[in-house]
Amino acid sequence: MKTLSENTCFGGVQGVYSHASDACSCDMTFGLFLPEEARDGPVPLLWYLSGLTCTHENAMTKAGAQMWAAEQGIGLVFPDTSPRGEDVADDEAYDLGKGAGFYVNATETPWAPHFRMWDYVAEELPALLAEHFAIDPERQSITGHSMGGHGALTLAMNLPGRYRSVSAFAPISNPTGSDWGRKQLTAYLGSDESTWARHDASLVMKDKGFDGPVLVDTGTKDQFIDLLKPEALAAAVAERRQQATLRLQPGYDHSYFFVSTFMEDHVTFHANALWA
């Protein structure tokens, strides 16, 4: 593992690191914020999964999360959204290929050799963090934006006991029923739609739900709201009678202005679960 940068931030350290990934068969980069409490021992960890076109850097520099994490004494990890490198398959469209890993393990050509973001986020990166940094693997929560909100919800529900809480900002809630999903799931997983279900938050909510608190925010002026389908997730939550807070925020769009506005709410929400 290589240290690319480390900066003092709200009394803690915001680092950027790279490492050779076995899961993705390429070098991967991630950001990690550790509050000053990490100097004295392991701290709880909140995962932030970013959306389409993003790298580890977008949320790290735009979301304003470090201030609230420092206040609560929790760490933040910002993984990349896809594998990178000259030999990694890509597509001309912004919503497929590099920057658009969709947090799945691809099984189809040409994506299968590198696009194993599920294994990377669920297995490889957590093990690396536990080995090298002062984080408590028993106290983890997860959040994300857009494609990352999709990843946060599906990972949380498919890995019972892993995360104490889950939240999302404008998640892609029903990808099997949306152009932000059907295209990518077909490309990465093939045409057998039975393999898609575990990567659809609305379907997994109906099937499994989440044993813990759930918070989801979506802006009413989100320019992609018809692709996000928050109503599908709301229907699934109601059908399952899942403990959840689903909020439509008047006037907000899909941008990091929206994310940063409600970041304090989300970090506090997770801190309450992580320190319980």
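**Reading a predicted fold: a dialogue**

Modeller: Let us begin with one feature: helices α3 and α4 cross in a right-handed sense. A crossing is left-handed if the near helix is turned anticlockwise from the far one by less than a right angle, and right-handed if clockwise. The model is predicted, so local features need pLDDT of at least 70 and side-chain atom pairs count only at pLDDT 80 or more, whereas totals for chains, interfaces and linings use all residues. Residues are numbered from 1 along each chain as its sequence is written, and side-chain values use heavy atoms, with hydrogens and water left out.

Biologist: At what angle do α3 and α4 pack, and how far apart are their axes?

Modeller: Axes are lines fitted to C-alpha atoms, for helices over the stretch in contact, and angles run from 0 to 180 degrees between N-to-C directions. Helix α3 (residues 117–132) packs at about 60° to helix α4 (residues 147–158), and the axes are 12 Å apart. This angle makes α3 oblique to α4; angles under 35 degrees count as roughly parallel, over 145 as roughly antiparallel, 65 to 115 as roughly perpendicular and the rest as oblique.

Biologist: Which residues of α3 and α4 meet?

Modeller: Contact means heavy atoms within 4.5 Å. On the α3 side are Trp118, Val121 and Ala122, which meet Thr154, Leu155 and Asn158 of α4. By class, this contact of α3 with α4 has four nonpolar, two polar and no charged residues. Here Ala, Val, Leu, Ile, Met, Phe, Trp, Tyr, Cys and Pro count as nonpolar, Asp, Glu, Lys and Arg as charged, and the others, Gly among them, as polar.

Biologist: How do α2 and α9 cross?

Modeller: The axes of helix α2 (residues 65–72) and helix α9 (residues 256–274) come within 9 Å and cross at roughly 30°. That angle makes α2 roughly parallel to α9. The α2–α9 crossing is right-handed. Ala65, Trp68, Ala69 and Gln72 of α2 meet Met263, Glu264, Val267, Thr268 and Ala271 of α9. The contact of α2 with α9 comprises six nonpolar, two polar and one charged residues.

Biologist: How many helices and strands does the protein chain have?

Modeller: Helices (H or I, at least four residues) and strands (E, at least two) are DSSP runs, numbered from the N terminus. The protein chain has nine helices and nine strands.

Biologist: What radius of gyration does the protein chain have?

Modeller: The radius of gyration is taken over C-alpha atoms, and the globule rule is 2.2 Å times the number of residues to the power 0.38. For 276 residues, a compact globule would have a value near 19 Å, and the 17 Å of the protein chain agrees. Along the principal axes, its C-alpha atoms fill a box of roughly 50 × 45 × 35 Å. Among contacts between residues at least 6 apart in sequence, 72% join residues at least 24 apart.

Biologist: What share of the 276 residues is buried?

Modeller: Buried means under 20% relative accessible area, exposed over 50%, and partly exposed in between (1.4 Å probe, protein chains only). Buried residues make up 59% of the 276.

Biologist: Is Ser141 buried or exposed?

Modeller: Ser141 is in strand β6 (residues 135–144) and, at 0% relative accessibility, counts as buried. Leaving out residues up to four places away in sequence, Ser141 touches Leu45, Leu46, Trp47, Tyr163, Arg164, Ser165, His270 and Leu274. His270, in turn, lies in helix α9 and is buried, also at 0% relative accessibility. With the neighbours up to four places away left out again, the residues that His270 touches include Ser141, Ile142, Thr143 and Val166.

Biologist: Is Phe257 buried or exposed?

Modeller: Phe257, in helix α9, is exposed, with a relative accessible area of 68%. Phe257 and Ala63 are 194 residues apart in sequence and 8.0 Å apart in space, C-alpha to C-alpha. Thr8, in strand β1 (residues 2–9), is exposed at 71% relative accessibility. Thr8 and Phe30 are 22 residues apart in sequence and 17 Å apart in space, C-alpha to C-alpha.

Biologist: Which residues does a cis peptide bond join?

Modeller: A cis peptide bond, with omega of about 0°, joins Thr109 and Pro110. Pro110 lies in the loop between β5 (75–79) and α3.

Biologist: What phi does Ser146 have?

Modeller: Ser146 is not a glycine, yet its phi is positive, about 60°. Ser146 is in the loop between β6 and α4 and is buried, with a relative accessible area of 3%. Thr53, not a glycine either, has a positive phi of about 75° and lies in the loop between β4 (43–49) and α1 (57–62).
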